[in-house]
Amino acid sequence: MARFPTWVVIALAGALSLSLAGCSSTGGKRAEDARKAAAAQGGAAVDTPRWTFAMITHSGDGDTFWDIVQSGAKQAAVKDNINFLYSHDAEAQQQAQLVDAAVDKKVDGIIVTLAKPDALKAAVARAEKAGIPVITVNSGSAQSKAYGALTHVGQDETFAGEAVGQELNERGKKKVLCVLHEQGNVGHEQRCAGVAKTFSGTVDNLYVNGTNMPDVQATIGAKLQADKSVDAVVTLGAPYADTAVKARADAGSRAEVDTFDLNAKVAAELRDGTLGFAVDQQPYLQGYQAVDLLWLYKYNGDVLGGGRPVLTGPQIVTKDQAAALEEYTKRGTR
């Protein structure tokens with residue numbers, strides 16, 4: 001069987017080509033300078049009405065992943081002459097209230113995450129009843145169509161977990177710790193379930209309090225110290241990867257640390273071998289595509305996906321690819 005990362009990368013070649021087109025130092029700098037200039041001047045590339053789109057996510061405070069999502073969304077908003085509003089709350093009921101507030105403002109489009117879909121169902125239905133088009137992003141792909149969204153932009157979380165299980169098999173791992181940092185998040189459960197589906201060894205789920213990094217470190221460290229047979233730790237978000245590395249050192253463990261998501265720190269640790277691999281779902285692309293697809297719908301009635309999610313991942317990133325992507329992580333677009 002071919003290595004999983006190879007065909008995943010092939011499947012995403014079109015999306016990657018957009019990101020990697022600026023690889024040369026001069027071309028990349030010109031593109032980035034143009035992007036910054038457009039954002040600073042507020043220059044749109046279209047003459048359509050200045051519609052208002054609201055993005056409401058389940059992000060907690062200080063989550064750098066969502067900074068990257070916003071970066072993509074804001075860039076598309078500049079291009080598409082969109083007034084972009086962003087709000088977030090890690091508590092599902094409060095997130096639903098933010099969706100209700102956007103409906104009350106009579107925005108022209110809503111982008112929403114469905115990490116805890118049951119709590120958002122009524123709010124999304126209210127938006128639909130008000131005639132406001134909705135696109136779901138990042139989490140909730142299984143519920144998106146049933147809730148009436150135009151499409152979903154993100155990665156299939158189960159499929160991403162399966163990719164991790166395959167990669168761990170290729171690396172000869174036998175026992176994996178899957179660290180869930182947000183209880184009740186359906187996407188996180190799907191990731192670990194996907195790992196267990198394809199991994200030929202044992203998967204233990206470990207629930208931690210993701211809002212308290214010292215507690216996360218202590219909990220992972222205690223588990224590694226108690227069970228020396230664990231030879232891989234998979235975290236479900238980039239900020240938790242470095243914490244797992246510290247926990248590994250505390251426990252005197254030699255387990256490989258791997259992670260979902262990519263940022264500058266993860267790219268650097270992939271390059272120097274501190275981490276084994278990362279699963280990139282391209283958050284910049286999620287934000288950019290969500291805004292762009294809403295604009296296309298408003299402007300031309302276009303809908304992508306044919307009733308299926310528009311996938312932005314997974315892409316397995318190893319030491320071999322880290323150096324090429326590190327430039328983009330530093331500028332906040334990967």
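Predicted model: local features only at pLDDT ≥ 70, side-chain atom pairs only at ≥ 80, totals over all residues.
E10, covering residues 278–280, pairs with E12 in the antiparallel sense, over three bridges. As a quick reminder, strands in a sheet pair through backbone hydrogen bonds, and the pairing can be parallel or antiparallel.

Now let's step back to the whole sheet. It is open and has six strands, in the order E7-E6-E8-E9-E10-E12, and the pairing is mixed. At the edges sit E7 (202–207) and E12 (315–317), each of which pairs on one side only. On average, neighbouring strands here are turned by 25° against each other, direction ignored.

What lies across strands E8 and E9? That is helix H11, residues 238–251. Strand E8 spans 232–235 and strand E9 spans 256–260, and the helix runs at about 165° to E9.

Last stop, the cysteines. The count comes to one disulfide, and it joins Cys178 to Cys192, with 2.0 Å from S to S. This pair links distant parts of the chain: Cys178 is in strand E6 (residues 175–180) and Cys192 is in helix H9 (residues 186–198), 14 residues apart. The torsion about their S-S bond is about -85°, so this disulfide is left-handed.

Are these two cysteines buried or exposed? Cys178 has 0% relative accessibility, so it counts as buried. Cys192 is buried too, because its relative accessible area is 2%, and the cut-off for buried is under 20%.

Notes: Residues numbered from 1 in each chain as written. Heavy atoms only, no water. Pairing = 2+ DSSP bridges. Helix = DSSP H or I, 4+ residues; strand = E, 2+ residues; numbered from the N terminus. Axes fitted to C-alpha atoms, helices over the stretch in contact; angles between N-to-C directions. Contact = heavy atoms within 4.5 Å. Disulfide = S-S within 2.5 Å. Buried < 20%, exposed > 50% of the residue type's maximum accessible area, 1.4 Å probe, protein only.
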